[in-house]
Amino acid sequence: MADSIRVADQGVPIIRNVLPVSFNWPLFCVALALMAAPIVQVVCRLRRQAAEVRKPLDYERWLAHFERNRLNRPEPDWSAPIPVLPNDMVSLLSSLAQFQLGDGGGPASLIARDADRFRNSTPEMRKLVDHWFAEEREHSRLLGCAVDNLGGQRIKSHWSFTAFCNCRRIFGVRFELQVLLLTEITSTAYYRLLKRHCRIPWLEAMCHLILRDEAGHISFHCDRLAANGRSLRGLAGWLWAAQLRLCGYAAATMLWANHRPCIAGLGGTTREFYGEVSRELHRFLCALAIRTNARTKSAGIQSNNRRRGRDEAMISCVS
């Protein structure tokens, strides 16, 4: 504009032909920094609020939970008679054998390349992870007993389990934790349908035990995410919830592709299975939203108390 002002008295044609000979970059950068200041302020405030919400996980509560579960495990009566054998025993035995391998027959631990970073974040977290996978190994033992009782053969490997483990190793512990959470959610739908349709007393008792444990695992993951500040508010929260649902249905589809003959042979339907998966995903997201909101409210109350204390101290000093 300064170049144009210098020739303003020479007419419009001259002004239109003026080109700047230099640009005041220092002044422009200062202006750009001032324009960006409100954005930086908003980001800092959001980070401060997230830090206030991010309270540590209640380790004592979860360690006590796993200890109670370990001591209160009524063994299914494996000798109880079977009133009616399923029509498709081959599919049932194949399905149980695959779950026996996946729940603890393989590497029952975190196996991501950076898993130690999460496992060793605190001594309590290491104990919690050990308790969590101890229950998974217990599920494998129960499923192995079921396979043996029905005259089946345990398996040492399966293509789906190999692919599952390779993905967990490659993509890191955050991805592995989400995959394991979704596995717990979709497995809950599987065990619920198995319990509902199998009509074998000790198999129903086994499913009841596993479902109780899986509910605890899902709740543990919910608390873990809430403690890490995972919120469902705003665009970022909506996108995270959407990707969780999408990945959940993808995991459910893989499970259904492998185990549909078993569930369908017992009388379960595709609609029934996906209905259970949808309900479990909805319950998890609702529980996460409730826990996150409770933490946010608690953090807000504490922040207001601190602000009120500062104001009172300032008034006292002025007086």
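How many salt bridges does the structure hold? The structure holds 18 of them, a salt bridge being a side-chain nitrogen of Lys or Arg within 4 Å of a carboxyl oxygen of Asp or Glu. This is a predicted model, in which local features need pLDDT of at least 70 and side-chain atom pairs count only at pLDDT 80 or more, whereas totals for chains, interfaces and linings use all residues. Residues are numbered from 1 along each chain as its sequence is written, and side-chain values use heavy atoms, with hydrogens and water left out.

The protein has 12 helices and zero strands, where helices (H or I, at least four residues) and strands (E, at least two) are DSSP runs numbered from the N terminus. Buried residues, meaning those under 20% relative accessible area, with exposed over 50% and partly exposed in between (1.4 Å probe, protein chains only), make up 40% of the 319 residues. Among contacts (heavy atoms within 4.5 Å) between residues at least 6 apart in sequence, 83% join residues at least 24 apart.

The largest nonpolar core has 50 residues, and those with the most contacts inside it are Leu96, Tyr190, Tyr191, Leu194, Leu203, Met206 and Phe284; such a core is a set of buried Ala, Val, Leu, Ile, Met, Phe, Trp, Tyr and Cys residues joined through side-chain atoms within 4.5 Å. Helix 5 (89-105), helix 7 (123-149), helix 9 (173-197), helix 10 (201-227), helix 11 (234-266) and helix 12 (270-318) each supply at least two residues of this core, and its largest share, 11 residues, comes from helix 10. Leaving aside residues up to four places away in sequence, Met206 touches Pro76, Trp78, Leu142, Leu143 and Ala146. Apart from this core lies another, of 19 residues, among them Ala108, Val129, Phe133 and Leu177.

Returning to the charged pairs, the side chains of Glu280 and Arg192 meet in a salt bridge (2.7 Å, N to O), which links helix 12, where Glu280 lies, to helix 9, where Arg192 lies, 88 residues apart. Glu280 counts as buried at 8% relative accessibility, whereas Arg192 is partly exposed at 25%. Arg196 and Glu276 also form a salt bridge (2.8 Å, N to O); Arg196 lies in helix 9 and Glu276 in helix 12, so this pair ties together parts that are 80 residues apart in sequence. Here Arg196 is partly exposed at 40% relative accessibility, while Glu276 is buried at 5%. Salt bridges that share partners join Arg192, Arg196, Glu272, Glu276, Arg279, Glu280 and Arg283 into one network. Elsewhere, Glu176 forms a salt bridge with Arg168, the closest N and O atoms being 2.9 Å apart, and both of these residues are buried.

The loop between helix 9 and helix 10 contains Arg199, which has a positive phi of about 60 degrees although it is not a glycine. Most residues other than glycine have a negative phi. Arg199 is exposed, with a relative accessible area of 54%.

As for the cysteines, the structure holds zero disulfides, a disulfide being a pair of cysteine sulfur atoms within 2.5 Å. Cys167 is in no disulfide, and the nearest cysteine sulfur, that of Cys165, is 9.5 Å away. The sulfur of Cys207 is 5.7 Å from the closest cysteine sulfur, in Cys198, which is too far for a bond. Cys167 is partly exposed at 34% relative accessibility, whereas Cys207 is buried at 0%.
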